[in-house]
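Morning, everyone. Please take a look at the structure on the screen, and I'll walk you through it.

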Amino acid sequence: MRSLIITQNITLDGSIEMLEDWFDPMFQDDELIAEVRRQDQTADALLLGRQTFEDFRSYWPGQTNDPTGVADYINSVAKYVVTGTLTDPRWDNSTILAGDALHAVETLKAAPGGDIVITGSITLCHSVIVAGLVDEYRLFVYPYVQGRGRRLFPDGTILSGFQPTGAPRTFPSGVTLVSWAAPPS
């Protein structure tokens, strides 16, 4: 079975919703980019909610001079978008997952392949967290307090038993990567 990994950029106060200018994918330090690229090597699928998919589709295809390689990866990786409204993804290597989102995610996890990564897609993340489908959380914590914004875990969610999957790592920019295996469901 494939692993479903939530990878999020998150503020020090726990917001994953970008309401201020605390994250820019094109202005990261070299070590941070190298870590992102290392993680990309094990992932062959990107799972997105409709809004994040549309945001990505309007941004990444136009990044033709990206020295980091992130644009090439995102543009070429298999993308799966959970949506009840889109019928034509209009982006290479993209597949619409309509209908029962959780069943579609379970089916995707059961298919052969590498890791499946979810990023952004707050509503979708909340759904797969509550359903117990997440295998690992990788959080890039930015040294920024936004004071508002939606959080990774839905209000009222109580989970325990997370296990670290590696030591925290701080990058020159001050961003710190922390990762945990999800507790058994």
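Start with a pair of charged residues. Arg138 and Glu136 are both buried, where buried means under 20% relative accessible area, exposed over 50% and partly exposed in between, with a 1.4 Å probe and protein chains only. The two form a salt bridge, with the closest N and O atoms 3.1 Å apart. A salt bridge here is a side-chain nitrogen of Lys or Arg within 4 Å of a carboxyl oxygen of Asp or Glu.

A word on the source. This is a predicted model, where local features need pLDDT of at least 70, side-chain atom pairs count only at pLDDT 80 or more, and totals for chains, interfaces and linings use all residues. Residues are numbered from 1 along each chain as its sequence is written, and side-chain values use heavy atoms, leaving out hydrogens and water.

How many salt bridges does a search of the whole structure find? Ten. One of them joins Arg169 to Glu31, with the closest N and O atoms 3.9 Å apart. Arg169 sits in strand β8 and Glu31 in helix α1, so this pair ties together parts 138 residues apart in sequence. Helices (H or I, at least four residues) and strands (E, at least two) are DSSP runs, numbered from the N terminus. Arg169 is partly exposed, at 33% relative accessibility. Glu31 is partly exposed too, at 38%.

Arg37 and Asp40 are three residues apart in α1, about one helical turn.

Next, the nonpolar interior. What is a nonpolar core? A set of buried Ala, Val, Leu, Ile, Met, Phe, Trp, Tyr and Cys residues joined through side-chain atoms within 4.5 Å. The largest one has 27 residues. Among those with the most contacts inside it are Leu4, Ile6 and Tyr137. Which element gives the most to this core? α5, with five residues. A second, separate core has 16 residues, including Leu48 and Val70.

Last stop, Tyr137. Among the residues Tyr137 touches are Ile6, Leu152, Phe162 and Trp180. Contact means heavy atoms within 4.5 Å, and residues up to four places away in sequence are not counted for Tyr137.
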